[in-house]
Amino acid sequence: MPPILHNFTIKSFHEGLLNKKFSALEVVQLFYKHIKDSDKNIGAYLSLNEDEAIKKAEETDLAIAKGENISFLAGAPLAIKDNILIKGLPATAGSKILENYTASYDAGVIKKLKEEKAVFLGKTNLDEFAMGSSTENSAFKITRNPHDPDRVPGGSSGGSAAAVAAHMALAALGSDTGGSIRQPAAFCGVVGLKPTYGAVSRSGLIAMASSLDQIGPITKTVEDAAVLFKAISGKDPLDATSAETDYGDEILHPDFERIKKLKVGIPKEYFAEKLQQETEAGVEEAIKKIKSLKIEFKEISLPHTKYALSTYYIIMPAEVSANLARFDGIRYSQISNLKSQVSNLQDIYLKQRGLGLGPEPKRRIILGTFVLSSGYYDAYYAKAQQVRTLIRKDFDEAWEKVDVILTPVTPTTAFKIGEKTSDPLSMYLSDIFTIPANLAGLPAISIPTSGAKYQASSNFSASSLPVGFQLIGQPFKESDILGLGQYYEKL
Amino acid sequence: MPGVINKKTLEHLAELARIELDPKEEEKLLKDLQKILDHFEELKNLDTEKIKPITEGISQKNAFRDDEESKNTNQGAGVDQFPESRDGFLKIPPVFGE
């Protein structure tokens, strides 16, 4: 692997461009060479965007040559999860039902990144319709964990996390509904941020669960996550659930004197069950390091934590059943060869969706249809919405005592490919620590513990799998978790 | 809590969701869904008598925009990919059969 790539962060890339150490074109070409050499063993990308990426890189080089000011993300080669629309590029959501769909408009976040002159290397693999925790549910291929090819990268943003971890992109965008940015980030040893619900536009994100979804950055450093988050956040008239946010300079330049005074809560419910030894050791080490900064820790309780999984797996499928109703096998993409056999509309829907949707989307649509159906609505969906209130209240009460909450991200390090595919419930249990932040709409970041931090080395040791720890913040206080994260990463 | 999905219920749900399932899929789904529903039983233990349900992702007042024509939308995007269309509308077989 060309030595230059794994030393890159968004920051060092930008500085290198300004100091004329290399051109954007050179770097983009290096990335494509590395992708062509390595991605056959990892499977992070579903499609590449080489011609356009080169063109955009050249535009940045031209601007630099003319002495123009360039933005911090100009020329930055990014990987984008394939459920985020880039006009003119495929957007399959990892599903056969969208196999031939070309995105017809730019997502809100893509519009913002285009204004920054960022470069899109390609679209990354994901669990089908973002449903899964291993990327094994993709209809097209699996993605392997760059740290150990027999293990999963996590999901559903496994392709994006693997691309960053394997130095096949400078940074990436993923989406997170129940942990789909944070869990793969933890498994792959990179940083993953799920913003506060509403902080980032969902326009152009193929919707999974509309009250839970958020797009967020997957990066090598917390500093890079802050840069990318600032660039993509903000109210979007095309997303009525996006919030009027006012992220000032503190996102990019944390005030460490203020950060030191933050109180960190350790919720006992997240540490009650015996964690896998490696995970426990990693998280304990992170706690120790942060304590060494003389930051105050407090034990807190989030009593309804254990009900979060059931609550999520009722509310999310219900929303999924509504959001995936649009995939009729007609208007976006069609599964060929069916036209001659079937001409009745009902049959078209039944057959296209029967053939085009994979097992996990089917499971969740059926489950969602059930919990919303007459006779069951009150016992399941209405109940879950009430429990969601209780879970949110737990956090509201915690914020009276602490500013930030620290937890593990996942119960274990990356599991083996095929290990959890036969039992859906065991797969769902991978998300127990990430789900509550989605239900409560809170910002949360996964940061690799120092032992497995993004290493400037090409030797991935199979014996030391990455471990992540999670910081959960108050609504719209990404500055707290990004600030504390940047403080930690400087240690 | 009524927590049973039998074959008849599953077939009804599949029809509502417009998804054709083969017998093998039905068998696996019945098994998987029952296991998941059993897990949900724990919510029975929670007293939610006076609790208001959350119905949105974020506490927000009405998110209105001005009642003005806007050029800044994605309206019309994707029409060129419709297999058959007329006047910008998707053309499909009759809804109520032939």
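Four salt bridges are counted between chain B and chain A. A salt bridge here is a side-chain nitrogen of Lys or Arg within 4 Å of a carboxyl oxygen of Asp or Glu. Lys35(B) forms one with Asp423(A), and the closest N and O atoms are 2.9 Å apart.

This is a predicted model: local features need pLDDT of at least 70, side-chain atom pairs count only at pLDDT 80 or more, and totals for chains, interfaces and linings use all residues. Residues are numbered from 1 along each chain as its sequence is written, chains are lettered from A and ligands numbered from 1 in the order written, and side-chain values use heavy atoms, with hydrogens and water left out.

Now the interface as a whole. Chain B brings 59 residues to the contact and chain A brings 65 residues, where contact means heavy atoms within 4.5 Å. The two chains bury about 5400 Å² between them, 64% of it on carbon and sulfur atoms. Buried area is the accessible area (1.4 Å probe) lost when two parts are put together, summed over both. Of the area that chain B buries against chain A, 12% comes from Arg18(B), Ile54(B) and Gln81(B), more than from any other three residues.

Polar contacts cross the interface too. The rule finds 18 residue pairs, both at pLDDT 80 or more. Such a contact is a pair of N or O atoms within 3.5 Å; within protein, one must be able to donate a hydrogen and the other to accept it, and residues adjacent in sequence count only if both atoms are side-chain atoms.

Which helix of chain B gives the largest share of the side that touches chain A? H2(B) does, with ten residues. Helix H1 (7–16) and helix H2 (23–40) of chain B each supply at least two residues of that side. Helices (H or I, at least four residues) and strands (E, at least two) are DSSP runs, numbered from the N terminus.

Two backbone details sit in chain A. Most residues other than glycine have a negative phi, and most peptide bonds are trans. Lys20(A) has a positive phi, near 55°. Lys20(A) lies in the loop between helix H1 (10–18) and helix H2 (24–42) of chain A. The peptide bond from Gly155(A) to Ser156(A) is cis, with omega near 5°. Ser156(A) is in the loop between strand S3 (119–124) and helix H5 (158–165) of chain A.
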